[in-house]
Structure formats: structure tokens, C-alpha cells
Amino acid sequence: MPDIVLPQDWPGTGTPVPSRRSFWLREALAREGDDGRTPPLEGSASCDVCVIGGGYTGLWTALEILDRAPGTDVLLVEADVCGGGASGANAGFLMPLWGRFESLLALSRDREEARRLGEESARAVEEILSFVDLHGLDVEYRRASWLWAATSPAQRDAWLGVLDALEKAGVEPLREVSVAESRRLAGTDRHFGGIVDPGSATLQPALLARGLRRVALERGVRVHEGTPVVRLATVRGGTRVTTPRAAVTAERVVLAVNAWAGRIEGLGRRMVTLASDTLVTAPAPRLLAESGWDGATAVTDARRRLNYYRTTPDGRLVFGKGGTGVSRTGESTLWGPPRRPAEVRRQFEMVLPRLAGLPVEAAWTAPVEYTPTALPFAGRLDTVPGVVYAAGYSGDGLAASRMMARVVTSLVLGVRDEWSTSALTRIPDPSFPPEPLRAVGAGAVMSALRAVEARQDAGRPVPAPVRAVASLEGVVGGH
């Protein structure tokens, strides 16, 4: 009987304990209270589709299945609470994939398909906001342009390849801005130009995840939180999903577990899991206003270990940095306090010196799984082919999860359409070496990138050997 016995530190023991949850999730759960509607699953159960994972991908997929196949019996199990993973810990940037257009083009091998996926990602942003409005979900969203900025002279013109590829594809969703305008948009003198996407937004990510949970329950999805999965097996009639206290027999299964997917079969060779540190300051709306930042712009910079920053409606600053840690052998995720808090604080004070005195109210680290393509992918598990998965968001999962729900739903329903045949079903080659070489190699690249950043920020030249190691592709990258 083909099966997969999942690692003991897979979702369940591997999820963040309540004291390590993100500021967003703690805030969302405090507002909501315990409604008692999603108890751990016990005993035996059966369903048409079992969704494993209660984050954006799992919840959007459950709802998409019901939209396209009304009457389908969908059961969703989540090891922690819905939104307990990256969906409740990310920075809340809701943005299209235009900044990754070169990656879309390389993956699609077809300009029209790349353009279509870019347009679908822009449509996903609007669909998510319309969904929020339709269901009356308070997710604190604001329309906000996304600025891809240079925060050192060395990063200037990093976006020219994207602009050229977009122009050749006949679309111009991004606008280049001057040094002066890039500085005005976020109230800092540390910007050296950039490009702007006006079709973006920001929101409170855990409130969206918990809102999706509410709608899924209203639509009839059976949701069971606190229910980790320990085994997947092919059985007569479908797939058996085993949990510590229950067994589910499903005709089809969706695996939507984000960074934990790296512990399954050959998926780990197709991604590397890195830590991303995020901090949230105390509210200071007056100081933000005095700095000239009106909150209508969310920023990521052009370094490989990118900085990202935005404000919240109540006047907080959100600042984070990618690539602050590497998942080592035996680790399934990276949760807890920030891995490199001093570095994050230094970057914060360098990029936004007018806000340097803001006290930090909360800080955490969360995992991001990067793929060689910098794009997510979907497919079927080789060992248990009744299981369809999506993984590899590479830091841009908020809008992309809406698209991947369509891909996964088409695969689950056996529909041949523009989603099941899209470039997002092209599984990356196993580019990364097996552990422990993968973690060692990623660690070496991270060290080189830190050295490059320090020298570039100080205006100093980068030695050729350091530059060579830092330039290795596929380990980490921004846009």
C-alpha cells in the first residue's frame, strides 16, 4: 500500500506555540474568541475532498471547490489554528506578480502565458478585496502602491530587466520613478529610485485567514483545528489521512502546508526554507505623518535579502528582512523570536532614520520556502497520487494563493483547463542538493550576501570571491 509516514516534527509539534505566534495572529484570535466550531477530529470520517492545511491555499481551495462543484463534501484539517502558519505571520503585502515577470516568462517559456498569469495575479488582488467587502470581513485593508526601491546606490536599475520584459509583452503595469519621488513616497532619503505598481494593497494577514475560516464554515466546510496529519496512504476508494485520533478516507486530498512541504518526498529538493524576521512598532501616527509617509505606499527593496516595510491604519510601522536564517537538517520550519534582531534594527534605522526612535512592540520569525523559479508550483505526490499539493510561494503568497487554489481545484476535479495546464503546474527540477549540503550551501550564500550588503550599504567595493558566492541563483532572491 503506497504511503507516506510524515516526520514527527511535521505540523503539530512543529507549529508555533501560542507564545511564539505573530502579532497579527494574537490580535486576530483575541478579537474573535473561541467559538467552539472547529474541534479536533476524532474517530473515523469520510469525505469527497480532504484539505490538509488551514492557511490561505487550503481555505481558498475549499471555497473554490464548492464554487465549481456545489455539493462536494469538503473536510479541512489544520494542525494548529487556521492562519497559524505563514498566512498569519506574513507582512500583509497584497500585490500582483508583475515584479516577478522575468520569472513568469522563464517558467512559461511563452510570452502570452506569462502575461496571462501576470494579469490573473492582478485580478486576484481585486478578487480578494471584493471577497472581503462581500462578506464584511474587517481585515484592515488599504489600497497602497507597491514600491520596489533601491536602498543603496548599488541597487539602482535592478528593475530594468523586468520593465524591458513587460514592454516586449505589451503591458506596462509598473512605472519607474525618480530618486526624488521614491524618497517622497516613503518619507526617506535612503531611496535611490524605483518602480511602482499602483494595483496593490496592504492588510492584516491573520484577519484574512480567520475570515476565510468563517466563510468556509458558513459554506459547509467541516473544519477541524488542532488536528495534525501523521500519515497519508492509498487505499481502496481513495486516500486515507491518518491523524493521532482519527482516520479520514477521502476520494481526493489537497496538501496545502506551505513551508512544511519541504519535508515530504522529493519536494525538499525543489525548495529551500529560510527565515524572515518581522517587527511591528507601537502606534505613532503623528511621527509617521511628520516623516512624510502617508501610508499609501508599501516598499520592498532590491537587495537579495530584501527589506520590506509598510504602515498600518493605526499608525504602526511594519519592517522586516528576508534571509535571516536557514532551515537545518531535522528542522521543518523556523518559528520563534527574530533570528537576527540587531541586523533588522540596523536596517530599519538606516532606511528610515526619521522613525528610528519608535519602540518595537512585537517581533517574530517565520519560514519562507524559496524555489529555483521564485514561483509556486502544484502537482501530485508520486507515492500517493491521490494527493494534490501546492507549495513554493517564495515570499509572495497572499495573492498567488488565490491563483493556486484554482490550479489545485482543477487538478483535484480532473478538469483540463487553463489552470491545470498552466505553467504553475511545471514542477521545478530538483536543483537543490540533499541535506545536509542544502543547508550548508544556503548558509554560505547567506553569509556572502550579508557581506555584500554591508559593503554596498557603506559604499565600499565587494571582493570578487564574495560576489561570486553571493550571486549563486535559486537560493534566495527578492524580485
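The points below go through a predicted model, from the whole chain to single residues.

1. Overall make-up. The protein chain contains 12 helices and 20 strands. Its radius of gyration is 21 Å, close to the 23 Å given by the globule rule for 479 residues, so the chain is as compact as a globular protein of that length. Taken along the principal axes, the box filled by the C-alpha atoms is roughly 65 × 45 × 45 Å.

2. Of the 479 residues in the protein chain, 59% are buried. Among contacts with a separation of 6 or more, 77% are accounted for by residues 24 or more positions apart. The accessible surface of the protein chain comes to about 17700 Å², and carbon and sulfur atoms hold 51% of that surface.

3. Strand β8 and its partners. Strand β8, which spans residues 194-197, is covered on both faces: G194 and V196 are buried on one side, and I195 and D197 are buried on the other. Strand β6, made of residues 145-149, runs antiparallel to β8 and is joined to β8 by 4 bridges; within this pairing, L147 has V196 of β8 as its bridge partner. Strand β7, residues 175-177, also pairs with β8 in the antiparallel sense, here over 3 bridges, and the bridge partner of V177 in β8 is G194. As background, strands of a sheet pair through backbone hydrogen bonds, either parallel or antiparallel.

4. An open sheet of 3 strands. The strand order in this sheet is β4-β9-β5, and the pairing is antiparallel. Strands β4 (93-94) and β5 (142-143) stand at the edges with a single partner strand each, so one side of each is left without a neighbour in the sheet. Strand β9, residues 201-202, runs antiparallel to β5 and is joined to β5 by 2 bridges, with A201 in β9 as the bridge partner of R143.

5. Cysteines. A search of the whole structure finds 0 disulfides, and the distances for two of the cysteines can be stated. The closest cysteine sulfur to that of C47 belongs to C50 and lies 5.0 Å away, which is too far for a bond, because a disulfide needs the two sulfur atoms within 2.5 Å. For C82 the closest cysteine sulfur is likewise in C50, at 13 Å, and this too is too far for a bond. Both residues count as buried, C47 with a relative accessibility of 7% and C82 with one of 0%.

6. Positive phi values. Most residues other than glycine have a negative phi, and two residues deserve a look on this account. E140 has a phi near 55°, a positive value in a residue other than glycine; E140 lies in the loop between α4 (111-134) and β5, and is partly exposed, with a relative accessible area of 24%. A374 has a phi near 65°, again a positive value in a residue other than glycine, and is placed in the loop between β18 (360-370) and β19 (377-380).

Key. Residues numbered from 1 in each chain as written. Predicted model: local features only at pLDDT ≥ 70, side-chain atom pairs only at ≥ 80, totals over all residues. Heavy atoms only, no water. Buried < 20%, exposed > 50% of the residue type's maximum accessible area, 1.4 Å probe, protein only. Pairing = 2+ DSSP bridges. Rg over C-alpha atoms; globule rule 2.2 N^0.38 Å. Contact = heavy atoms within 4.5 Å. Areas by Shrake-Rupley, 256 points an atom, 1.4 Å probe, with all protein chains shown as cover.
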